[in-house]
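Please look at the sequence and the structure shown below, and keep both in view while reading. The report begins with one pair of side chains and then widens to the whole chain.

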Amino acid sequence: MEQLGRFTGAAQCPLCRRRDFQMRSSTAGAAMHRHECATQIQALWRGHAARVRFFRMLLDRDPSLRRAFQFGLVQQISNRCLAAAESRAKALDGFFANLDRVRVKAKLGAHSSEDWRIAREQAAERCRSTRGCEDCAICMQEMQIGESSGSGGAVSLPTIHQGGACAQPQAGEGSDSSNTVILSCSHCFHASCLRSFEQVVLLQQELGERKEDKVRCPICRAPYLSQSLV
């Protein structure tokens with residue numbers, strides 16, 4: 001009523017619009033509401049207590065029903081124990097997987113120039129039978145990773161420049177599709193093919209279709225570092 005009076009600018013009844021009226025506060029509505037709420041709560045509690053007494057009476061009179069009820073309780077407890085054990089096992093699996101990731105990262109981070117030299121020699125050994133030409137295992141197209149020298153069929157790989165699979169070509173080096181990268185496991189791919197492969201793997205990880213969180217070599221399935229061959 002006070003809000004209505006301030007809004008209209010005059011004290012009047014909101015129903016009949018009369019100005020000569022008297023107001024008196026009443027708590028009868030609140031008391032009735034409390035009484036209804038208490039009645040509903042008491043009815044619910046009495047119904048619950050009656051159902052519990054009736055169910056206990058059935059258990060006392062029917063041994064087969066009592067056995068089934070006890071079996072259900074034991075099964076619920078065992079299911080909770082099994083769920084707790086599975087959650088703990090998943091936590092342990094995640095912990096060990098994290099340790100494996102840390103170990104792999106530490107191993108890859110310690111990849112020295114000598115390791116890259118060995119990888120280059122292994123790639124050159126594979127190229128000797130193909131006279132410097134090898135197929136990319138991702139697109140199955142030919143890629144030039146070296147040139148034969150002399151009549152002995154030896155293959156010399158280009159100079160390695162630190163970059164990685166996603167390194168952009170420098171001026172005068174040609175398109176990205178003609179660039180080749182070598183991995184720490186000694187396998188070689190087109191730079192664009194390897195980048196597309198990594199993007200597909202990351203998309204599968206985001207969609208939950210791939211459980212592993214690290215990209216592996218498409219051939220030997222080993223974690224890798226990459227450098228560009230230009």
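In this predicted model, Arg117 forms a salt bridge with Glu121, and the closest N and O atoms of the pair are 2.2 Å apart. Both Arg117 and Glu121 belong to helix 4, where they are four residues apart, or about one turn of the helix. The side chain of Arg117 also meets that of Glu114 in a salt bridge, again with 2.2 Å from N to O, and these two residues lie in helix 4 as well, three residues apart, which is also about one turn. An α-helix has 3.6 residues a turn, so residues three or four places apart point the same way. Salt bridges that share partners join Glu114, Arg117 and Glu121 into one network, and the structure holds two salt bridges.

How exposed are the residues of this network?

| Residue | Relative accessible area | Class |
|---|---|---|
| Glu114 | 39% | partly exposed |
| Arg117 | 36% | partly exposed |
| Glu121 | 43% | partly exposed |

**Helix 4 and its buried side**

Helix 4 runs through residues 113-127 and has 15 residues; from its first C-alpha to its last it reaches 21 Å, which is close to the 21 Å expected at 1.5 Å a residue. Which residues of helix 4 are buried? They are Trp116, Ala119, Ala123, Ala124 and Cys127. Because these residues cover an arc of only 140° around the axis, they are on the same side of helix 4.

Leaving aside neighbours within four places in sequence, Ser186 is in contact with Ala119, Gln122, Ala123 and Arg126. Is Ser186 itself buried or exposed? With a relative accessible area of 2%, Ser186 is buried, because this value is under the cut-off of 20%.

**A nonpolar patch on the surface**

Elsewhere in the model, Phe54, Phe55, Met57, Leu58, Leu65, Phe69 and Leu73 form a nonpolar patch on the surface, and together they have about 550 Å² of accessible area. Helix 2 (28-61) and helix 3 (63-109) each supply at least two residues of this patch, and helix 2 gives the most, with four residues. Leu73, one of the patch residues, is found in helix 3, and Leu73 counts as partly exposed because its relative accessibility is 38%.

**The chain as a whole**

How many helices and strands does the protein chain have? There are five helices and eight strands, and along the sequence they follow the pattern α-α-α-α-β-β-β-β-β-β-β-α-β. Buried residues make up 23% of the 230 residues in the protein chain. The accessible surface of the chain comes to about 16700 Å², and 56% of this surface belongs to carbon and sulfur atoms. Finally, among the contacts in the chain between residues at least 6 apart in sequence, 55% join residues that are at least 24 apart.

Methods. Residues are numbered from 1 along each chain as its sequence is written. This is a predicted model: local features need pLDDT of at least 70, side-chain atom pairs count only at pLDDT 80 or more; totals for chains, interfaces and linings use all residues. Side-chain values use heavy atoms; hydrogens and water are left out. The expected span of a helix is 1.5 Å times one less than its number of residues. Buried means under 20% relative accessible area, exposed over 50%, partly exposed in between (1.4 Å probe, protein chains only). The arc is that of the directions from the helix axis to the C-beta atoms. Patches are made of residues with over 30% relative accessible area and no salt bridge: like charges are joined within 9 Å, nonpolar side chains (Val, Leu, Ile, Met, Phe, Trp, Tyr) within 5 Å. Accessible areas come from the Shrake-Rupley method with a 1.4 Å probe; for residues, only the protein chains shown count as cover. A salt bridge is a side-chain nitrogen of Lys or Arg within 4 Å of a carboxyl oxygen of Asp or Glu. Contact means heavy atoms within 4.5 Å.
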